[in-house]
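Here is a short briefing to read alongside the model. Please have the viewer open as you go.

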Amino acid sequence: MKKQIKRIGILTAGGDSPGLNAAIRAVGKAAIGKYGWEIFGFRDGFLGLAQDTFEQLGKDNLSGILTVGGTVLGTGRDKPHRMMIEGKERDMTKAIVRNYKAHRLDALVCIGGGGTHKNSMRLAELGLRIVTLPKTIDNDVALTDATIGYNTALGIATEAIDRLHSTAHSHHRIIIAEIMGHRAGWLTLGAGLAGGADVILIPEIPYDLEKIAAAIRKRSKVGTNFSIVAVAEGAKSLEDAASFVAAERRRAAARTLEEKEYAKLRLAELESEHAGNTLRLAKQLEGLTGLEARVTILGYVQRGGTPSFADRLLATSLGTACVDLIANGAEGIMVAARGNSVQPVPLASVAGKLKLVPLDHPWIQSARSVSTCLGD
Ligand code: F6P
């Protein structure tokens with residue numbers, strides 16, 4: 001049954017990304033202007049709802065934010081059931097439900113990526129009426145063609161590769177650009193292809209070091225002794241990928257507390273060893289090719305600054321559609337971008353799922369067709 005809506009809440013959670021403010025503005029302006037609802041913005045993700053830190057949104061704080069990077073509400077990675085409060089980890093789920101009710105919220109809009117969808121699902125199961133918007137520069141949220149922030153980050157990473165070309169060329173060097181994306185290769189593959197990287201390494205395709213070196217040596221043989229390598233932060237060699245798979249399997253199979261602890265520790269150990277992977281790759285390629293190698297870690301530059309027009313359009317379309325969906329009684333859904341339209345998809349089919357690059361994706365085929373080495 002359609003419930004009369006009077007008041008909604010909104011929060012942004014997970015890593016920030018360009019276009020979050022455009023989404024907050026779209027939801028806020030449509031909620032107030034089109035439907036006459038009140039809207040409360042909770043600060044720093046789920047933490048704001050747990051600690052009841054919020055501000056009412058209106059003309060003053062919704063105007064002038066369309067083009068601004070970051071999120072005016074602040075964000076955080078705290079999970080409702082595991083929050084750091086005064087230096088201690090606490091389960092704040094009950095406080096969140098209490099505050100939701102105390103504000104007499106009729107719905108809560110959560111804007112975030114993978115973690116936010118899992119957390120939103122847990123709260124929806126407790127009876128909170130939740131609608132989410134997909135955002136992350138990683139573009140790895142299931143069942144949506146795009147996520148808010150990806151397009152801007154893609155532009156930044158592509159421009160970085162463009163700029164690295166001239167310096168790599170002038171010094172006859174290998175330049176390795178490390179690109180974000182967590183476990184997904186969307187950002188690296190997209191920017192690598194758009195920027196004409198000679199080697200593109202993504203988590204979905206474990207790489208063979210010797211094959212990368214051979215591709216670089218082949219370029220040198222025909223007089224091109226510089227190469228650009230676009231490497232995803234999560235890309236792994238065949239050997240490292242096998243160690244991760246074995247550790248994941250051990251964790252899944254662990255039964256006793258001791259086995260579980262050991263498996264968790266082993267994975268953390270592997271993660272921390274992997275953190276220096278790009279620098280190690282540079283040294284390995286220097287050894288195998290005889291060329292000098294340099295590393296540029298693009299890091300948080302990829303998440304900062306003004307959103308692209310595509311992200312503003314996406315955020316505005318998803319944000320306004322989200323308000324219409326709430327008005328029409330929707331709950332427990334994510335507002336997804338599908339083709340040229342916006343569609344609701346059940347939260348349950350998004351939470352806990354990761355959208356990786358399929359190995360038959362047209363971008364992979366195009367990269368191979370222009371002789372880009374993918375490390376396999
Ligand atoms: O999910 C977005 C992202 O930028 C990933 O690409 C990256 O691995 C991660 O966040 C970095 O997280 P944090 O902001 O917590 O350092």
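Predicted model: local features only at pLDDT ≥ 70, side-chain atom pairs only at ≥ 80, totals over all residues.

Residues are numbered from 1 along each chain as its sequence is written, and side-chain values use heavy atoms, with hydrogens and water left out.

**Overall build**

- The protein has 13 helices and 13 strands; helices (H or I, at least four residues) and strands (E, at least two) are DSSP runs, numbered from the N terminus.
- Residues 24 or more positions apart supply 73% of the contacts that have a separation of 6 or more; a contact means heavy atoms within 4.5 Å.

**Surface and charge**

- Of the 376 residues, 51% count as buried. Buried means under 20% relative accessible area, exposed means over 50%, and partly exposed lies in between (1.4 Å probe, protein chains only).
- The protein exposes about 17200 Å², and carbon and sulfur atoms supply 53% of that area. Accessible areas come from the Shrake-Rupley method with a 1.4 Å probe; for residues, only the protein chains shown count as cover.
- There are 47 positive and 39 negative side chains, with the centres of the two sets 4 Å apart.

**Two domains**

- The assignment gives domain 1 (7–148 + 307–349) and domain 2 (154–302), with bounds that come from an automatic or database domain assignment.
- Taken over C-alpha atoms, the centres of domain 1 and domain 2 are 32 Å apart.
- Across the two domains, 4 residues of domain 1 are in contact with 7 residues of domain 2.

**Helix H4**

- In helix H4 (residues 93–102), the buried residues are Thr93, Ala95, Ile96, Val97, Asn99 and Tyr100.
- The cover over these buried residues includes helix H2 (46–51), S4, strand S6 (107–112) and helix H5 (114–125).
- Arg104 follows H4 and has a positive phi, near 50°.

- Arg77 sits in the loop between helix H3 (59–62) and strand S4 (83–85), and counts as exposed because its relative accessibility is 61%.
- Beyond its neighbours within four places in sequence, Arg77 is in contact with Gly14, Gly15 and Arg303.
- Thr188 belongs to helix H7 (residues 186–194) and counts as buried, at 0% relative accessibility.
- Not counting residues up to four places away in sequence, Thr188 touches several residues, among them Ile179, Met180, Leu193, Ile200 and Ala230.
- Asn277 lies in helix H11 (residues 277–289) and is buried, with a relative accessible area of 5%.
- Asn277 and Ser237 are 40 residues apart in sequence, and their C-alpha atoms are 9.3 Å apart.
- With residues up to four places away in sequence set aside, Asn277 touches Tyr207, Ala235 and Asp240.

Terms used. Lys, Arg positive; Asp, Glu negative; His and termini not counted. Charge placed at Lys NZ, Arg CZ, Asp CG, Glu CD.
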